[in-house]
Amino acid sequence: MTTDARYVFDDVELRASERRLLIGGQVANIGSRAFNLLLMLVTHRDRLVTKDELIEAVWPNVVVDQNNLVVQIASLRKLLGNQAIVTIPGRGYKFSVPGVQVLRAHELPRRDQPLAAPLRHAPLLGRREEVRRVGELLRMHRVVTLTGASGIGKTRLAQHLCEELSPAFRDGSAWVELASASDGRLVIDALARALNLDLRAADPLPGLMHAMQNRRMLMVIDNVEAVADDVARVVHALCESAPGVRFLLTSQVPLRITQEKELRLGPLSVPTHVLPVAEALQHGAVALFADRAQAMDHRFALDDANVGTVIGICRRLDGIALAIEMAASRVSLLGVDELAQALEQRLDLLLSTRKDVPERHQTLRRALDWSHGLLAETERLALRRLSVFTGSFSLDAALDVLTGDESATPESARWDGLDALTELVDRSLVIVEPGEPPRYRLYESTRQFAAEQLAASGEEESCRRRHALAMRRIVLALFDQRLRDWDHAHAGVALELDNAREALSWALRADPLTAVMLAPPISWGLVTSSTAALDIWRATEALLSDDMPLHVRAQWAGSASIFRLPCWLPRRVEWARTAIDLWRGTGESQGLQLALLNASRLLAQDDPAQCRDWLAEADALNAPGMAPGLRAMRADVEAQAALDAGDTGAAIAAFEQALRAAAASHNSFIMQLLSRELARARMVQATSQPDHREAA
């Protein structure tokens, strides 16, 4: 078969080298077996082709039933019409469409004008700022690449810009589609077809460069990622030879050439909370959902009853345009409430009902699989391992999870992990959240897809263990800082809280020691009076064992004694005493001092004599480098004791001392409490003093 030929008949074009079938100018959805079968029949259209010949050509070296051939013939007849392929009973088949033209790769039909951009099938919603920004960038840069995750809306934006910006260029604009291109020759061929060029040379690039050198136009090249290196070579060469041409590209990765300016396309805007309908529709994600849902079912209307649920759906879909469109298409079948509940199975639930979208965007799973298929194996491994994270995560935690290759040294493994993470960020499969230091996350749909890959890989348990150990190390280090920099430590634990709780969930069934160690920092991050924290204390109490290190049990007991729900009060007293005994056994002065002060505050009224002894022991442990948080606690205990004794002057002095120490430890929470206590003490002092005005 001639692999560089094009076969044209009626409104059909069979492109052998590209393995594409176009009907009416649109790419037809055809499987590889059916394509091979059609190519065999068209190539030998001058004769009958026997069943054996067809089976050998389509299923070489495989024993198949002739019913497979019948099925493929039937699928071709659906595309081309029943008369296109004639059955010769008992013998084989013959292609019967007359007037087939055979064109070589360089023999392209010429047109007078460049191809127009494909028709946009729906209005562009929620991208006004991006349209303005791209227009500015194209005025300043030769090449602008729109990058972003699969389904984020790069193609839709590029289609809009191709049409809108065309009048600004003398020679207009041209649209180039590269979704099916697989090598550099096809890239040049696609550009030539968009420009109606007849390139006959063995090396067509010089001819393309020459033909474009005097043009002033916009070339919009879509779906570059699969052939990015080839596109980079061609575009770089054209930038050198055709100064009047601007290039707008869409890709999951940038070209990385000197003339390029990358614009990473983010999700559509989603409200952070429930808004009235008119305000919600100002956000692109909600506007897109409402528009697509109404297109599928004219009865749908965004109203006060469903706007909160729609916002929640858009938020759970991360503002990804493709996912939102697919979800909206399900509203007529499921309704908004049922759709929201079904999103846990989004990879199977979400599909497109439109016939004009590429095959890779027919379902959410296919879109993600397309992106996944472009990754190297090391990047696929990294992506599936990162799926253990919930919400955002730090670089440090990511590298701990990624470095699971025991064949590499720890340092080289971390460098490999960093390289893989960088590539995933470049491909918009991992999102960088602004901040210093930055944090990372996966879109939830991507995370679910990667989690399936992780489960199938057989390494999920080991990966979750690394995740749990990483979170244990990170949150415990922050928890240890709370007496010297409370605000920083608490904010740090709050950032890690979702992942720490995910790690705890795994550790409760698989690693009791890690579960017990995670309980204090997580409960502190949750606020010590929450019912969620109570569940953690009760679950981890059942895991405590004498085999665990003393300091682990001491930390758990001391933290449990601070917990403030009334139902836990009897346990608090028990754990306060236990913590003192355990810390004494460890020889760690700061932990013991903290336990003594906590117990003194807890039992100040019930057992004052014991509390005085504990305070004396705590005072004996004072050191020059004593943490300011401990100094604040000691002064607070002294102030409360003075108040109980009726000595408001001493209480005020102690509260002021406690406030200074709390400020030194950056503990804004305790400073607020102490400020209220100080104000109360001053009020008591003012009301208890005699009124000297009457005596005067």
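This is a predicted model: local features need pLDDT of at least 70, side-chain atom pairs count only at pLDDT 80 or more; totals for chains, interfaces and linings use all residues.
Okay, let's start with one term: a residue counts as buried when under 20% of its relative accessible area is left.

Strands of a sheet pair through backbone hydrogen bonds, either parallel or antiparallel. Here we've got five strands in an open sheet, and the pairing is parallel. Reading across, the order goes E10, E11, E12, E9, E13. So who sits at the edges? That's strand E10, residues 173–177, and strand E13, residues 260–264, and each of them pairs on one side only. Neighbouring strands are turned by 20 degrees against each other on average, if you ignore direction.

Now zoom in on one pair. Strand E9, residues 143–147, runs parallel with E13, and the two share five bridges. For example, Thr145 has Glu262 in E13 as its bridge partner.

Then there's helix H8, residues 228–241, lying across E9, E11 and E12. Against E12, the helix runs at about 165 degrees.

E12 is also where we find our arginine, Arg246. Arg246 is buried, yet has no salt bridge. How far away is the nearest side chain of opposite charge? That's Glu240, and it is 12 Å away. A salt bridge needs the two charged groups within 4 Å.

What does the Arg246 side chain reach, then? The backbone oxygen of Leu138, at 2.9 Å. Leaving out residues up to four places away in sequence, Arg246 touches several others, including Arg139, His141, Phe169 and Met219.

Terms used:
Residues are numbered from 1 along each chain as its sequence is written. Side-chain values use heavy atoms; hydrogens and water are left out. Two strands pair if DSSP finds at least two bridges between them. Helices (H or I, at least four residues) and strands (E, at least two) are DSSP runs, numbered from the N terminus. Axes are lines fitted to C-alpha atoms, for helices over the stretch in contact, and angles run from 0 to 180 degrees between N-to-C directions. Contact means heavy atoms within 4.5 Å. Buried means under 20% relative accessible area, exposed over 50%, partly exposed in between (1.4 Å probe, protein chains only). Lys and Arg count as positive and Asp and Glu as negative; His and the chain ends are not counted. A polar contact is a pair of N or O atoms within 3.5 Å; within protein, one must be able to donate a hydrogen and the other to accept it, and residues adjacent in sequence count only if both atoms are side-chain atoms.
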